[in-house]
Structure formats: C-alpha cells, structure tokens
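Morning, everyone. Let me put the structure up, and then we'll walk through some charged pairs, a helix and a pair of strands.

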Amino acid sequence: PPAIHIPVFQTPISHHPSPKSSSRMTEKERIINCMSPLVAALDKADPEWAIFGSAALALCGMDMPVADIDIILSPEGAARMEQEWLRTGMAPPLDQESAPQSQFRSHLVRNNSTSIMVELSGGLEIRTEEGWMPVRPREVLTTPTGIRHCSLQECKRLLTLFGRPKDLHRLRLIEAHHTHCH
C-alpha cells in the first residue's frame, strides 16, 4: 500500500534531529541507513546499479564527507526509478537538459526526500575527444545489506577518467589513505 512508502524513506536520524546525535553516525553508516530501503527497488529497476563518487569511497572505508549519493544505472533503470519515485511522491520531476558544454550527460533523477540526496545517472556518458563514451562500473562490491558500490580501484579509474579538480583531489586522498594503511 502507498502509505508504507513514506516511512520507508525516513531514517533514525529524523527521529533524533539534534546535530549531536547525527554526528555520531559515520558517513558509511549514514549511507547504509539511507540506501537500505532503496536496494530492492534499485535491484528491480536495474540489477547492475552501483554507487560511485564520494559515497562509494566512504563505503570503501575512506573518511570522506558525503553530500549526495551518486548512482549509475541504465537509462531504463533510471526511468523506472523515476516513475516509482514520482508515483510515491518521493522525487519531483527535473528539467533533464544539461548544459551544451557539459562534460557529462545522463538521464538524471534526484530524490531529495531521503536523508542524503540520491542522484541517479541513467546511461552516464562522458565527453571525450572521440565523442561521447558510456561510463559503466567494471568492478562492483556488494555490502551485506545488498548495497552495490564501486571498488576502490574502480573509484580511482572513474576519478582519473572524470579528471575534474575535485576528482584529482579525491585521487590524492585515496593515495594518502593507501599510504597510511600499508
């Protein structure tokens, strides 16, 4: 029943709104808390979905702030999730056009009703000298709760491919983390 969908997207953080209580949660715990209710719908929409970006790095054990959870999936999977979220009132429709000079293009769907904003990139492509190139994760790990995310090596590959200043900064953080862990 539709009434069940609203509490599913609430998290324990919402029951304890003081910043002190939410700050005790690690970024990894915040991501797991946010994503756990979404796993079944994502698996149904596209079994190959995967978290990438800062959230994937946090799930790999990096101590990194996470402003949103970026998920790559097929264009059809993004469309199915968008329809589900629109049907249940979880996500407002977005203007899908990206700027002509944009480095990336995808079917973009955002869900602002979750504890961390979830951003789906359906059919993500990156602009290269040869034209548009599809971006699909090659190495994906799955948490015990079924949350799929890029491995640390895959995060490094994608950050190198994206090449923006924030991506290169994250690569340096990974290298520093790797040096301290070994």
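First, a definition: buried means under 20% relative accessible area, exposed means over 50%, and partly exposed lies in between, with a 1.4 Å probe and protein chains only. Now the ground rules. This is a predicted model, where local features need pLDDT of at least 70, side-chain atom pairs count only at pLDDT 80 or more, and totals for chains, interfaces and linings use all residues. Residues are numbered from 1 along each chain as its sequence is written, and side-chain values use heavy atoms, with hydrogens and water left out.

Start with R105. It is partly exposed, at 36% relative accessible area. Its side chain meets that of E125 in a salt bridge, at 2.4 Å from N to O. By salt bridge I mean a side-chain nitrogen of Lys or Arg within 4 Å of a carboxyl oxygen of Asp or Glu. This pair links distant parts of the chain: R105 sits in strand β3 (residues 104-111), E125 in strand β4 (residues 117-128), and they are 20 residues apart.

E154 pairs with R157, and their closest N and O atoms are 2.7 Å apart. Both belong to helix α8 (residues 152-162); they are 3 residues apart, so about one helical turn separates them. E154 is buried, at 4%. R157 is partly exposed, at 23%.

Next pair: D167 and R164. They form a salt bridge too, with the closest N and O atoms 2.7 Å apart. Is D167 buried or exposed? Buried, with a relative accessible area of 1%. R164 is partly exposed, at 26%.

Now helix α7. It has 13 residues, 75-87. At 1.5 Å a residue, it should span 18 Å, and its end C-alpha atoms are 18 Å apart, so the two agree. That expected span is 1.5 Å times one less than the number of residues. Which residues of α7 are buried? G77, A78, M81, E82 and W85. Just after α7 comes G89, with a positive phi of about 75°.

R148 lies in strand β7 (residues 148-150). It is buried, at 15%. Contact means heavy atoms within 4.5 Å. Leaving aside neighbours within four places in sequence, R148 contacts D43, P47, E48, W49, A50, I51, V140, L141 and T142.

Let's pick V140 from that list. V140 is in strand β6 (residues 140-142) and is partly exposed, at 26%. Not counting residues up to four places away in sequence, V140 touches A50, R148, H149 and C150. V140 and W49 are 91 residues apart along the chain, yet their C-alpha atoms are separated by 9.1 Å.

That's the tour. Over to you.

Methods:
Helix = DSSP H or I, 4+ residues; strand = E, 2+ residues; numbered from the N terminus.
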